[in-house]
Amino acid sequence: MSGLVPALMAAARSRRVRVSIAVLALALGCGARVCARENPTAANPVTGEAQAIKEGAALFRANCSPCHGPNAAGGGRGPNLSANHWTHGSSDADIFRTITRGVPGTDMPANDLEDLEVWNIVAYLRSLAPVHAAMSGDANRGERLFFQTQGCSVCHMVNGRGGVLGPELSRVGASRSSAYLVDSIREPDKVLSAAQLDPNDHYGLPLVYDTVTVTTAGGERIVGIAKNEDTFSIQLLDTQQNLRLFRKSELVQVSHEQKSLMPRYTEAMLSAPRLQDLLAYLTSLR
Ligand code: HEC
Ligand code: HEC
């Protein structure tokens with residue numbers, strides 16, 4: 001039976017097998033509420049209703065705007081949701097499912113909002129006039145900047161090519177807004193990837209890209225990204241991208257810098273038009 005659940009999840013992506021999923025889900029004995037979530041009604045029962053849109057907007061501001069921006073056009077770590085461009089399915093039922101289940105392996109959390117609350121949010125998102133980020137750059141030139149001129153790929157992997165000091169960027173166009181990408185490049189310290197500056201661990205995300213400097217008893221200083229840390233040891237990916245394990249008893253100091261290892265790409269290093277080229281390339285990665 002263990003293989004059945006993933007198989008169901010995969011099948012749930014295809015509309016044609018919805019009915020059989022409902023039957024199977026019943027056979028598996030899930031509660032009525034959970035079943036409703038596995039197989040939400042295809043259409044939003046409150047589409048276009050003014051009250052629903054108003055309530056959806058308030059719910060969105062409270063729960064979603066920290067990542068998706070106050071008007072859903074992006075701003076924090078989440079993508080623009082007002083461009084009518086859906087990576088995880090564009091039907092009402094698809095969006096319902098994304099909101100309740102989240103997107104595993106990304107910053108998008110699951111939610112335990114009531115079904116009607118979720119539909120209100122869907123009604124709100126559907127009511128927004130599409131906001132498209134104006135793209136003036138050239139994605140091919142952006143790709144060359146990424147892999148050659150600017151050396152982004154020294155630290156970042158895209159589709160299997162590149163380094164591992166920074167986050168993998170193969171899907172960054174789907175997962176982030178352009179505003180976030182600009183900040184990541186111009187001011188890498190502003191919003192660190194994967195919740196480094198989230199001391200309360202608000203969304204339960206791991207601290208992945210924490211820049212750490214350790215000083216050994218012999219006075220050697222090693223800078224890197226903490227990959228693992230407990231009371232007794234710390235594992236650092238150093239700037240040469242070698243994984244190094246230290247026992248804390250052998251270290252004089254371990255300091256978390258609360259800043260990015262990524263250089264700030266100022267106007268002098270990367271002009272505004274070249275930034276647009278990079279953006280055109282990065283937003284094409286989905
Ligand atoms: C901690 C940040 C965070 C919060 C809070 C958050 N999201 Fe997201 N959301 C994301 C990220 C990041 C993605 C992109 C996932 C990916 O990489 O594909 C996403 C994706 C989505 C998508 C899929 C978009 C698509 O292209 O298919 C929807 C819909 C969505 N979020 C709605 C919501 C709603 C509604 C809420 C509030 C109830 C919410 N999100 C709260 C970060 C967040
Ligand atoms: C010396 C290594 C290094 C180089 C060179 C580098 N980066 Fe980064 N980058 C990082 C690290 C580490 C992070 C994670 C910490 C942070 O958020 O800044 C990061 C984060 C990012 C993010 C945010 C990813 C996310 O999903 O949160 C983007 C986008 C990005 N870099 C793009 C670029 C681009 C474009 C270039 C070239 C112009 C570049 N980087 C060059 C190390 C690097």
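The following legends describe close-up views of a predicted model.

Residues are numbered from 1 along each chain as its sequence is written, while chains are lettered from A and ligands numbered from 1 in the order in which they are written. Because the model is predicted, local features need pLDDT of at least 70 and side-chain atom pairs count only at pLDDT 80 or more, whereas totals for chains, interfaces and linings use all residues.

**View 1. The protein chain as a whole.** Of its 286 residues, 26% count as buried. A residue is termed buried if 20 or more other C-beta atoms lie within 10 Å of its own, exposed if 12 or fewer do, and partly exposed in between, with C-beta atoms placed from the backbone. Among contacts between residues at least 6 apart in sequence, 56% join residues at least 24 apart; a contact requires C-beta atoms, placed from the backbone, within 7 Å.

View 2. The shell around ligand 1 has 26 residues, of which C64, C67, G78, M108 and S175 come nearest; a residue is near a molecule if its C-beta atom, placed from the backbone, lies within 6 Å of it. Two or more residues each are given to this shell by α5 (65–68), α6 (92–101) and α9 (172–175). The shell divides into 14 nonpolar, nine polar and three charged residues. Here Ala, Val, Leu, Ile, Met, Phe, Trp, Tyr, Cys and Pro count as nonpolar, Asp, Glu, Lys and Arg as charged, and the others, Gly among them, as polar. Ligand 1 lies between domain 2 (41–132) and domain 3 (139–193 + 263–283), because both give residues to its shell; the domain bounds come from an automatic or database domain assignment.

**View 3. The surroundings of ligand 2.** Ligand 2 is surrounded by 25 residues, and C152, C155, G166, S260 and M262 are the closest. Helix α10 (residues 178–186) gives the most to this shell, with three residues. By class, the shell comprises 17 nonpolar residues, seven polar and one charged.

**View 4. The crossing of α8 and α11.** The axes of helix α8 (residues 139–149) and helix α11 (residues 272–283) come within 7 Å and cross at roughly 100°. Axes are lines fitted to C-alpha atoms, for helices over the stretch in contact, and angles run from 0 to 180 degrees between N-to-C directions. The two helices α8 and α11 are therefore roughly perpendicular, a term for angles of 65 to 115 degrees. In α8, A139, R141, G142, E143, L145 and F146 meet R274, D277, L278, A280 and Y281 of α11. The residues of this contact are six nonpolar, one polar and four charged.

**View 5. Helix α6 and its packing.** Within α6, the residues D92, I95, F96, R97, T98 and I99 are buried. The buried residues of α6 pack against α7 (115–127). Just after α6, G102 adopts a positive phi of about 75°.

**View 6. The setting of R176.** R176 is found in the loop between α9 and α10. This residue, R176, is buried, with 26 other C-beta atoms within 10 Å. Apart from its neighbours within four places in sequence, R176 is in contact with R77, P79 and L181. The C-alpha atoms of R176 and T283 are separated by 8.2 Å, although the two residues are 107 residues apart along the chain.

Methods:
Helices (H or I, at least four residues) and strands (E, at least two) are DSSP runs, numbered from the N terminus. Angles under 35 degrees count as roughly parallel, over 145 as roughly antiparallel, 65 to 115 as roughly perpendicular and the rest as oblique. Two residues are in contact if their C-beta atoms, placed from the backbone, lie within 7 Å.
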